[in-house]
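Take a look at the sequence and the structure below.

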Amino acid sequence: MASRATVHMVAKLHYEGDMPQVDIARKLGVSTATVSRLLTRARALGIVKIEVLDLAVPDEVAAQLVSALGLKRAAVVDTPSAGALPALAAPLGNLLKEENLSKDAVIGIGWGRAVREVIQAGLPRIPDTHAVALTGGLQQSAPHFQINEFVRQAASQLGGTAHFLHAPYVSSVELRDAFLSDPFVQETTKLWDKLDCAIVGIGLPHAINPPEASAATISERDIGGAVGDVIRHYVDKDGKLLKWDGEERMIAATQEQLRNAKLSIGVAATVEKASGIIGAVRSGMINALVTDTATAAAILEICEVKQTG
């Protein structure tokens, strides 16, 4: 009978070295049947343990997120091998339909890659609603900053009316006041107080998000303790809002207006955003979440560590 050391060596070659049984047999000068028997013995002796992990069931994970974060609603999809963000469009659409949005409902639209991707993938038809820009624009050509285009597409898909904001997201105090006093601008900004729903992304911390991807100002990049943001309203891990030099010049829905939305949906599918998502929820700026199982697992792990810590 082969020694325990031999059984261990065969197991190492096969399971860790990924060596086929036929190659192990040739290496040791034995038959493949002998190698197979040695591998079976390795399991019997406890040298090898094979574990089949339970699959994360998206609906169960969503329920765990609701419980852990105190969310109004959550929707989770299996993490796809590619294209996670477009996969969030269907569950987002389901949340919108479940909200039973009525005629003249106001739906705020944020910016970012996730918002862009879910809108491009398609929103459900909810006629006679209002799609409203939640922030001014940027002098940036990157597609994920084109908020007025997102609003146009959203309104077209919903079967509603688009309300654009032709203003910069950051200006001087004087220009900001001038923009906000303009009657055409007010047609959009006054709707921020009537939000039935908001669809927003959660930004990455600047430490891991290159400047060209975020277009953040120097003041924004200097914010200490920020784990993420919602339309440039930065939060720490506990949901505390962090001030930055220039925030008073922003043309965007306020934190309070987002908090007052009946359903404010954060859309994100990046493990690195887990802390930012938690911070955004704790700040009250989002009360619903659409994500994937990988990101959800990272969120739940952080919540569990905090509870046991």
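In this predicted model, helix α2 (residues 21-28) packs against helix α3 (residues 32-44). Their axes are 8 Å apart and meet at an angle of about 110°. That angle makes α2 roughly perpendicular to α3, because 65 to 115 degrees counts as roughly perpendicular.

**Helices α2 and α3**

- Two packed helices are described by the angle between their axes and the distance between the axes.
- On the α2 side, the contact is made by Q21, V22, I24 and A25.
- On the α3 side, T32, V35, S36 and L39 meet them.
- How many of the residues in this contact are nonpolar, polar and charged? Five are nonpolar, three are polar and none is charged.

**R37 in helix α3**

- R37 also belongs to helix α3.
- Is R37 buried or exposed? R37 is exposed, because its relative accessibility is 55% and the cut-off for exposed is over 50%.
- R37 and V7 lie 30 residues apart in sequence. In space, their C-alpha atoms are 9.4 Å apart.

**C197 in strand β5**

- C197 sits in strand β5, which covers residues 197-201.
- The relative accessible area of C197 is 0%, so this residue is buried; the cut-off is under 20%.
- Which residues does C197 touch, leaving aside neighbours within four places in sequence? The contacts are L96, L101, V106, I107, G108, L263 and I265.
- E99 is 98 residues away from C197 in sequence. The C-alpha to C-alpha distance between C197 and E99 is 8.8 Å.

- Strand β9 spans residues 263-267. Five of its five residues are buried, so β9 is largely enclosed by the rest of the structure.
- In a regular strand the side chains alternate between the two faces of the sheet.
- In β9, L263, I265 and V267 point one way. S264 and G266 point the other way. All of these residues are buried.
- β5 and β9 run parallel and are joined by five bridges. Within this pair, I199 stands opposite I265 of β9.
- β9 also pairs with strand β10 (residues 288-292), in the parallel sense, over three bridges. Here G266 has L289 of β10 as its bridge partner.
- How does the chain get from β9 to β10, and which helix lies on the way? The chain passes through helix α13 (residues 274-283), and this β-α-β crossover is right-handed.

Key
Residues are numbered from 1 along each chain as its sequence is written. This is a predicted model: local features need pLDDT of at least 70, side-chain atom pairs count only at pLDDT 80 or more; totals for chains, interfaces and linings use all residues. Side-chain values use heavy atoms; hydrogens and water are left out. Helices (H or I, at least four residues) and strands (E, at least two) are DSSP runs, numbered from the N terminus. Buried means under 20% relative accessible area, exposed over 50%, partly exposed in between (1.4 Å probe, protein chains only). Contact means heavy atoms within 4.5 Å. Two strands pair if DSSP finds at least two bridges between them. A crossover is right-handed if, with the strands pointing away from the viewer, the path from the first strand over the helix to the second runs clockwise. Axes are lines fitted to C-alpha atoms, for helices over the stretch in contact, and angles run from 0 to 180 degrees between N-to-C directions. Angles under 35 degrees count as roughly parallel, over 145 as roughly antiparallel, 65 to 115 as roughly perpendicular and the rest as oblique. Ala, Val, Leu, Ile, Met, Phe, Trp, Tyr, Cys and Pro count as nonpolar, Asp, Glu, Lys and Arg as charged, and the others, Gly among them, as polar.
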